[in-house]
Amino acid sequence: MSKTLNYYNDNAERFVQETANVDISKNQKEFLKYIPDNGTVLDFGCGSGRDAKYFLEQGYHVEAVDGSETMCRLASLQTGIPVKCMRFEELDAVDIYDGIWACASILHLARNELITVLHKMCRALKKTGILYVSFKYGSFEGERKDRYFTDFTEESFAEVIAEVPELTIEKQWITNDARPGRSEEKWLNLILKK
């Protein structure tokens, strides 16, 4: 994971330029359907702060975290809120969030780490909480372009979620990458319910 964090620290400004204005409003709106008005949302691995900013603009209480110190600083400028620097496995909140948004973030965990972090995410949710997670679509696991990725299909993610029995799949769908020139890449999006 440290190599992945180094990548984001070294490339944060370019990453923000490439992602801050990408329109993923369909996914954001799908997530918010499940979150009560004025609910509390954790943007878990917030990157540029794009999504945290959107949720704030919709009237939600938002906390944002990222593992990259440089990314946290830039996301804080984007959102106007403090962004806490922490790794996914450091999440220790209990019964706080109506929703946790993990857009293209926890895909950097190895499969066994992912299961541990999903348990932690579940504990951080209120009893009717919702998780949104997204992964590159496929069967690859390993290093790609200086970052670690675990890709999933519907079938392989079903195997993982079976090890987190307190979560169920509420909805799943596949989208094309919304970034310019990347539309051939596919993403698996999931809404998970506690």
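Biologist: How far apart are the closest N and O atoms in the salt bridge of R144 with D151?

Modeller: The model is predicted, so local features need pLDDT of at least 70 and side-chain atom pairs count only at pLDDT 80 or more, while totals for chains, interfaces and linings use all residues. Residues are numbered from 1 along each chain as its sequence is written, and side-chain values use heavy atoms, with hydrogens and water left out. A salt bridge is a side-chain nitrogen of Lys or Arg within 4 Å of a carboxyl oxygen of Asp or Glu. For R144 and D151 the closest N and O atoms are 2.9 Å apart.

Biologist: Is D151 buried or exposed?

Modeller: Buried means under 20% relative accessible area, exposed over 50%, and partly exposed in between (1.4 Å probe, protein chains only). R144 has 24% relative accessibility and counts as partly exposed. D151 has a relative accessible area of 8%, so D151 is buried.

Biologist: Which ring does R144 lie over?

Modeller: A charge sits over a ring if NZ of Lys or CZ of Arg is within 6 Å of the ring centre and within 35 degrees of the ring normal. R144 is 4.5 Å from the ring centre, over the face of F149.

Biologist: Which residues form a salt bridge with E30?

Modeller: E30 counts as buried, at 9% relative accessibility. One partner is K33, with the closest N and O atoms 2.9 Å apart; K33 is exposed, at 63% relative accessible area. In the other salt bridge the closest N and O atoms are 3.3 Å apart, and the partner of E30 is K171.

Biologist: How many residues apart are E30 and K171?

Modeller: Helices (H or I, at least four residues) and strands (E, at least two) are DSSP runs, numbered from the N terminus. E30 lies in helix α2 (residues 25–32) and K171 in strand β8 (residues 168–176), so the pair links distant parts of the chain. They are 141 residues apart.

Biologist: Which residues of α2 are buried?

Modeller: Six of the eight residues of α2 are buried, so the helix is largely enclosed by the rest of the structure. The cover, by contact (heavy atoms within 4.5 Å), includes β1 (40–44), α3 (50–57) and β8. The buried residues of α2 are S25, N27, Q28, E30, F31 and L32.

Biologist: What is the geometry of the F31 and F55 pair?

Modeller: Rings of Phe, Tyr and Trp (its six-membered ring) pair if their centres lie within 6.5 Å; planes under 30 degrees apart count as stacked, over 60 as edge-to-face and the rest as tilted. By this rule there are 12 aromatic pairs. F31 and F55 are 5.5 Å centre to centre with 50 degrees between the planes, and the pair is tilted.

Biologist: How many residues apart in sequence are the parts that F31 and F55 tie together?

Modeller: Both F31 and F55 count as buried, at 0% relative accessibility. F31 lies in helix α2 and F55 in helix α3, so the pair ties together parts whose separation in sequence is 24 residues.
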